[in-house]
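Hello,

Here is the structure you are taking over. My notes on it follow below.

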Amino acid sequence: MKHAPSVARLIDALRTLPGVGPKTAQRMAFHLLQDGREGARRLAEGIDHALTNVGRCRCCRMFTEAELCAVCESPQRDASLLCVVESPADVVAIEQSGGYRGRYFVLMGHLSPLDGIGPEQLGVGELEALLSEGLVQEVILATNPTVEGEATAHFLSELTRARGLRATRIAHGVPIGGELEYIDGGTLAHALAGRLSLGQ
Amino acid sequence: MRGRRVELDAVFVLHHRPWRDTSRMLDVFTREHGRLMLFARGVRGPRSRSASLLQPFVPLLASWTGSGETAQLTQVEAAPGGPVASLPAGALLSGWYLNELLLKLVLRADPQPAVFDLYARTLDRLRDRQAVPAVLRGFERDLLVLLGFGLELGREAQGGAPLQADRYYHFHPSLGFVATGDDAEAAYAGRSLLALADDDLQEDAVLEDARRLMRTALDDALEGRELRTRGVARAVTRSAARAAASSVSASPAALPAVKPPSEETPS
Ligand SMILES: [Zn+2]
């Protein structure tokens with residue numbers, strides 16, 4: 001069956017969402033047009049409003065409606081600590097853990113040379129400018145423990161150390177509550193390589 | 001294509017991209033079946049045991065069913081006796097450069113066990129932290145020879161006379177080496193070409209000639225296609241140079257001179 005042009009357009013638009021294939025998109029479209037018309041209107045307005053008002057923080061590239069995000073603007077945050085992450089979701093995850101009082105820098109990705117994604121695409125120029133301001137003392141590299149994340153962390157740690165600043169990497173390894181026998185070899189090797197001394 | 005089943009072939013993941021929320025499309029290089037796309041279902045996320053295995057540069061044994069665009073990964077394990085970790089972080093850019101050469105020069109579904117073994121050996125050399133430029137030049141040379149791009153080191157194109165150490169040669173990609181005068185522009189020293197053929201890549205002058213020659217031969221083999229890894233490596237080098245310069249101007253005594261990151265740069 002052929003959809004009306006507006007319906008087809010809506011289905012097509014919904015497919016830009018992650019994990020949404022043609023079947024799911026059709027189900028969503030029919031729901032929005034059938035029982036969910038009120039919600040659909042709020043959704044449309046919400047998207048439109050966010051697109052108009054949400055930009056990137058001038059300092060850390062996190063989503064914000066102001067020039068600076070809440071973290072960068074807060075005088076309570078320690079400006080000498082800078083945590084570099086791959087995505088806005090990582091900022092949210094670290095904030096929810098509650099233990100971090102420094103600031104962030106969001107790369108919006110990682111080095112992916114085969115896809116042509118290098119320093120420029122990750123805003124490394126902006127990061128360099130931030131480091132040159134002289135407030136940051138330690139850069140915490142919290143990119144993912146993937147090959148791409150490791151390459152990104154390595155590259156940024158060299159930039160950081162060349163400026164005479166401290167570069168640290170978040171620890172990876174055995175999850176809390178995990179049992180060794182169920183952990184894969186790669187993770188165990190990483191955990192062993194990053195072992196710590198006890199009793200100091 | 002149902003029914004086709006491959007058990008535990010040696011493979012490397014060359015490239016991967018996420019597929020839906022939990023899966024990946026893998027561009028793999030297998031020893032016995034050449035390059036192919038494998039669909040790896042449910043390998044992303046915290047509960048996947050194979051997520052940490054399915055990384056580039058790690059020797060793996062994989063099983064799959066089907067062929068063409070529909071081949072599905074059914075099992076993967078680390079190759080026995082092989083390293084479970086990837087390359088050292090400083091060698092990753094070089095590793096991706098090797099991968100891009102394979103992705104662009106090895107055809108799909110064309111078994112190349114000798115190229116596979118060359119690639120595995122080259123990764124081992126990078127893992128052993130051998131001098132990167134020599135490792136890369138050796139890989140480029142052997143790859144072009146094994147894939148039949150007509151690189152015949154050691155002989156003149158016309159007549160097949162052996163190259164001589166004290167003479168100079170021009171290189172024409174489709175033809176080969178042609179003797180020329182020692183003052184000819186862009187000529188290669190015979191001794192550099194013989195050293196490259198013998199894998200004796202230590203002197204700077206030899207390495208530079210080898211780099212220039214391989215660049216010309218690869219550009220011809222790539223038929224005008226750009227290498228993205230080269231562009232990214234150049235940008236990384238520029239950032240590192242800026243950082244080194246800023247440390248000199250900001251705090252002259254803070255650090256010893258920063259080593260230029262040339263060893264990370266493919267070419
Ligand atoms: Zn901010």
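Chain B contains six helices and eight strands, where helices (H or I, at least four residues) and strands (E, at least two) are DSSP runs, numbered from the N terminus. Along the sequence, the order in chain B is β-β-β-β-β-α-α-α-β-β-β-α-α-α.

This is a predicted model: local features need pLDDT of at least 70, side-chain atom pairs count only at pLDDT 80 or more, and totals for chains, interfaces and linings use all residues. Residues are numbered from 1 along each chain as its sequence is written, while chains are lettered from A and ligands numbered from 1 in the order in which they are written.

Chain B has 267 residues, and 36% of them count as buried (20 or more other C-beta atoms within 10 Å of the residue's own, with C-beta atoms placed from the backbone). Of the contacts in chain B with a separation of 6 or more, 56% join residues 24 or more positions apart; a contact means that the two C-beta atoms, placed from the backbone, lie within 7 Å.

Leaving aside neighbours within four places in sequence, Val28(B) touches Val11(B), Phe12(B), Val13(B), Leu14(B), Leu36(B) and Leu38(B).

Regards

Technical notes
A residue is buried if 20 or more other C-beta atoms lie within 10 Å of its own, exposed if 12 or fewer, and partly exposed in between; C-beta atoms are placed from the backbone.
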